[in-house]
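Below is a short briefing on one structure, grouped by topic. The sequence and the model come first, and the notes follow.

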Amino acid sequence: ARATEKRMNIPRSVTFVRLTLAAALAGTVLSGCYVVPLGQPAPVAPSQQSYAVAPGPVSQTFSARLYPSNAEAARYGAVGGTVTNDMNGRGHFSAQIGAEQFQGEATRVAGSRTAGVANATGSRGGNLSCQYTMNSATLGSGQCVLNNGPAFTMHIGRLPCTLR
């Protein structure tokens, strides 16, 4: 029976190479590692990059002219102020009435694209309260009242205010 059996003789060097490759493959698969070829540069973490950011909307400044609308306001005459729209739903409001400087905020009424409210506190303790409507993107009108009674009709526009 031994005479019919053929035996393959595999040289030891081939067997050694096969066993080495099998062991290396098994070790790689079981370790979860990967092989990085030698001579290749290592991957570099991305450097901090700067990105160009589009500028936000530019604020707009409008003149506000306040004309006396009652006897208490007549002593001040026509006065000027400014409204700066920050293009984010609110803005800054200022006016000089007599010897008092007023500073405050202007906002649009919730749900309205045209109606707004402006309030300012004076340097001498006074309060100025205004309601306005923008008739276009650059023109509007409204009413302002000082806490001690003087009332004004307000006109808002892009023209420079020369009244003081």
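Two strands count as paired if DSSP finds at least two bridges between them. Strands themselves are DSSP runs of E with at least two residues, numbered from the N terminus. The model is predicted, so local features need pLDDT of at least 70, side-chain atom pairs count only at pLDDT 80 or more, and totals for chains, interfaces and linings use all residues. Residues are numbered from 1 along each chain as its sequence is written, and side-chain values use heavy atoms, with hydrogens and water left out.

**Barrel and strand pairing**

- Eight strands form a closed barrel in the order β1-β2-β3-β4-β5-β6-β7-β8, and the pairing is antiparallel.
- From one strand to the next, the twist averages 25° (axes are lines fitted to C-alpha atoms, and angles run from 0 to 180 degrees between N-to-C directions).
- Five bridges join strand β2 (residues 79–85) to strand β3 (residues 90–97) in the antiparallel sense.
- N85 has G91 in β3 as its bridge partner.
- In general, strands of a sheet pair through backbone hydrogen bonds, either parallel or antiparallel.

- T82 belongs to strand β2.
- Its relative accessibility is 32%, so T82 counts as partly exposed (buried is under 20% relative accessible area, exposed is over 50%, and partly exposed is in between, with a 1.4 Å probe and protein chains only).
- Leaving out residues up to four places away in sequence, T82 touches T61, F62, A64, H92, F93 and S94 (contact means heavy atoms within 4.5 Å).
- Between T82 and R65 there are 17 residues of sequence separation and a C-alpha to C-alpha distance of 8.3 Å.

**Salt bridge**

- One salt bridge is found in a search of the whole structure (a side-chain nitrogen of Lys or Arg within 4 Å of a carboxyl oxygen of Asp or Glu).
- This salt bridge is between the side chains of R90 and E105, at 2.6 Å from N to O.
- Because R90 is in strand β3 and E105 is in strand β4 (residues 100–108), the pair ties together parts 15 residues apart in sequence.
- R90 is partly exposed at a relative accessible area of 34%, and E105 is also partly exposed, at 40%.

- S63 is in strand β1 (residues 60–68).
- With a relative accessible area of 5%, S63 is buried.
- The side chains of S63 and R65 are joined by a polar contact of 2.9 Å (a pair of N or O atoms within 3.5 Å; within protein, one must be able to donate a hydrogen and the other to accept it, and residues adjacent in sequence count only if both atoms are side-chain atoms).

Technical notes. Helix = DSSP H or I, 4+ residues; strand = E, 2+ residues; numbered from the N terminus.
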